[in-house]
Amino acid sequence: MGGEPSGQPLMTRRSMIGGMTAGALAPAVLRAAKPSSAAHVAVIGAGVFGAWTAEHLCRAGHRVTLVDMAGPANSRASSGGESRMTRGGYGKDEIYTRLAFDSLAEWKKLSAVAGLPIFVPHGVLFFSSKPGDYFSGSIAVHQTLGLPLELMDGAQLRRRFPMIDFSGVVIGLYEAQFGALMARRAVQTLVKNFVASGGQFRHDAARLLRQRDGPLKSLALSNGTIEADVFVFALGPWLPKLFPDLLGKRIFATRQEIFYFAPPEGDRRFLPQAMPGWADFNDGDMFYGFPDLEARGVKFAHDLHGPMVDPDTQDRRPSQAALDDIVDFRDRRFPRLRRATLTEARVCQYENSSNGDFIVDFHPSLANVLLVGGGSGHGFKHGPEVGRLAASRLLGGGPAEPRFSLASKDGVRRRLVH
């Protein structure tokens, strides 16, 4: 699962991912394009992957049109909603630790010009009742890369974070430099800045492709068509709908339910200045959450991949069973929130690739079509680097990352990334 050799220095935002020893050079689809040239890229899907891909292509001087059927980070999208965790801890999966740290610099830049915060640096805490591969792997990777990470035992955790009951917990890892990303605001700000910099945005829905091979010349939309030299499809859970034969068994949309609770009045222990984002490994059954961000409430989620759903038709009303599950966990681990008022609930979806790795790869028969997706519930934080890698594939900027290839997704739901 490591994906990279040890002992490599931390890469910069513009460097290629370490350990990419396989894969042919990407077709240089846009190599000849220069600033102000007539080359035109259409990016279909204005979630976090599509928006950052469009941004990087725009920075490279290309004419880019970003298309979305319901607007950037709309309420049905996997990039919608309020908050996403950003973290460097990925066990021994060094490739994602690198992506997260490099992406964080871009998120901070965007936050600095957004007016309201996009990045909230409240820190992130992982804890467990027993040490395991995730913890030992995370420690080893952070040491190899020279990245900060604080190791705590149960007594230290209880003193540092009194809002959490750490009964049975023996190990914690704390990343002070990470925190929350305000998801909807982040993507909408990015797209607004992209348009201000010369990019174009179209509020339109893509229609099912009829063409089977060769370069794609145009794409039917709900209001006309769009012609482009290159097409990028970054449609999250809608990717299998547009490419059912290719992706129908490689990407699976699953139901996820999230709940917010009001903290006790006047209790400052649940504010982001005091409480971190957190994940409780809970003997292999992970729960996670956030402090009270922008007075929205304390957020709880069960990282249990729910039933497969259709993102267009799934019932987005929260279930009593999911709420009862969260309340039972909340009352045990956060006793000060017992009987806390439910302030909000959301139903969204993960778009899991078969193994949890991203997809950044060319369509096997449409030579100028790049597919970007498989966020798998952990992709948002990596948006800046995924967008840069996608742009690099189009520009012929280096070898492909084998783990992000279509060939690595075998159609069996066997997630290996956590």
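Two strands pair if DSSP finds at least two bridges between them. Strands here are DSSP runs of E, at least two residues, and helices are runs of H or I, at least four residues, numbered from the N terminus. This is a predicted model: local features need pLDDT of at least 70, side-chain atom pairs count only at pLDDT 80 or more, and totals for chains, interfaces and linings use all residues. Residues are numbered from 1 along each chain as its sequence is written, and side-chain values use heavy atoms, without hydrogens and water.

**The sheet**
- Strands β1 (residues 40-44) and β2 (residues 63-68) pair in the parallel sense over five bridges.
- Val43 has Leu66 of β2 as its bridge partner.
- Six strands, in the order β9-β2-β1-β12-β19-β18, form an open sheet with mixed pairing.
- β9 (200-203) and β18 (359-362) are the edge strands, each pairing on one side only.

**The largest pocket**
- The largest pocket holds about 880 Å³ of space.
- A pocket is an open set of points on a 1 Å grid over the protein atoms alone, where a 1.4 Å probe fits, with protein on both sides within 12 Å along at least five of seven lines; lining residues have an atom within 4 Å of a point.
- Grid points are joined across faces, edges and corners, and the volume is the space filled by probe spheres set on the points.
- Of the 50 lining residues, Arg84, Tyr350, Gly377, His378 and Gly379 are the closest to the centre of the largest pocket.
- β17 gives the largest share of the lining, four residues.
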